[in-house]
Amino acid sequence: MSVVKINVLTVPAEQREVLEQRFASRAGSVENSDGFEWFELLRPVEGTEQYLVYTRWRSEEDFTAWMEGPMKAAHQGGGEGAPKQRPAASGSTLWSFEVVQQAAPKKG
C-alpha cells in the first residue's frame with residue numbers, strides 16, 4: 001500500500017499568505033513525479049500555527065527520489081542568480097505513515 005508524508009510547518013500568522021502563494025506558484029511541480037498519488041495543503045483553523053502538507057506516494061522509494069530530485073531543486077531558490085527567499089515557515093517536522101486501510105465514497 002501507499003506511504004503518506006505529512007510535513008508539519010510552523011508558520012507565523014504574518015507569513016501565511018506568503019506560504020500559500022509559494023505553494024500556489026509551484027502548482028503542478030509534484031503531480032508528474034513517478035509514484036505521486038495525492039497532495040493537500042491544510043491551513044490551520046484555530047489554536048495552532050501549524051500547516052500540514054499532505055502527500056501520498058506509491059512507495060518510500062518514489063518519495064525519496066522526488067525529495068532528492070525535483071523537491072530539492074525547487075527549494076534551492078529558483079536557480080542561479082535568483083534572489084534567495086526567506087523561508088515562510090519557522091519550523092518543520094516530517095511525519096511518515098504507511099496506509100493500512102482506506103475507503104472511498106460508494107458509487108450509488
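Predicted model: local features only at pLDDT ≥ 70, side-chain atom pairs only at ≥ 80, totals over all residues.
Residues are numbered from 1 along each chain as its sequence is written, and side-chain values use heavy atoms, with hydrogens and water left out.

A pair of aromatic rings is described by the distance of the centres and the angle of the planes. Rings of Phe, Tyr and Trp (for Trp, its six-membered ring) pair if their centres lie within 6.5 Å, and planes under 30 degrees apart count as stacked, over 60 as edge-to-face and the rest as tilted. By this rule the count comes to 5 aromatic pairs. The rings of W57 and F63 have centres 5.9 Å apart and planes at 65 degrees, so this pair is edge-to-face. W57 also pairs with W66, this time in a tilted arrangement, with 5.3 Å from centre to centre and 35 degrees between the planes. W57 counts as buried at 0% relative accessibility, and W66 counts as buried at 16%. Ring pairs link F36, W57, F63 and W66 into a cluster.

Which residues make up the largest nonpolar core? A nonpolar core is a set of buried Ala, Val, Leu, Ile, Met, Phe, Trp, Tyr and Cys residues joined through side-chain atoms within 4.5 Å. The largest has 7 residues, namely V3, V30, F36, W57, F63, W66 and M71. Helix α2, residues 60–74, gives the most to this core, with 3 residues. Apart from this core lies another, of 6 residues, among them L9, V11, V53 and A88.

Now to the fold as a whole. The protein chain has 2 helices and 4 strands, and from the N terminus on these elements run β-α-β-β-α-β; helices (H or I, at least four residues) and strands (E, at least two) are DSSP runs, numbered from the N terminus. Buried residues make up 26% of the 108 residues in the chain. If we take contact to mean heavy atoms within 4.5 Å, then among contacts between residues at least 6 apart in sequence, 72% join residues at least 24 apart.

The 4 strands form an open sheet in the order β2-β3-β1-β4, and the pairing is antiparallel. Two strands pair if DSSP finds at least two bridges between them. At the edges stand β2 (36–42) and β4 (91–98), each with a single partner strand, so one side of each is left without a neighbour in the sheet. Neighbouring strands of this sheet are turned by 15 degrees against each other on average, direction ignored.

Going across the sheet, β2 pairs with β3, residues 50–57, in the antiparallel sense over 6 bridges. Here F36 stands opposite W57 in β3, and E40 has Y54 in β3 as its bridge partner. β1 and β3 are joined in the antiparallel sense over 8 bridges, with I6 having Y54 in β3 as its bridge partner. β1 and β4 likewise pair in the antiparallel sense over 8 bridges, and T10 stands opposite G91 in β4.

How many of the 8 residues of β1 are buried? The count is 6, and the strand is mostly covered. V4 has its place in strand β1 and is buried, with a relative accessible area of 6%. The bridge partner of V4 in β3 is R56. Leaving aside residues up to four places away in sequence, V4 touches Y54, T55, R56, W95, S96, F97 and V99. The C-alpha atoms of V4 and S59 are separated by 9.0 Å, although the two residues are 55 apart along the chain.

Finally, helix α1, residues 16–25, lies across β1 (3–10), β2 and β3, and runs at about 20 degrees to β3. For such angles, axes are lines fitted to C-alpha atoms, for helices over the stretch in contact, and angles run from 0 to 180 degrees between N-to-C directions.

Terms used. Buried < 20%, exposed > 50% of the residue type's maximum accessible area, 1.4 Å probe, protein only.
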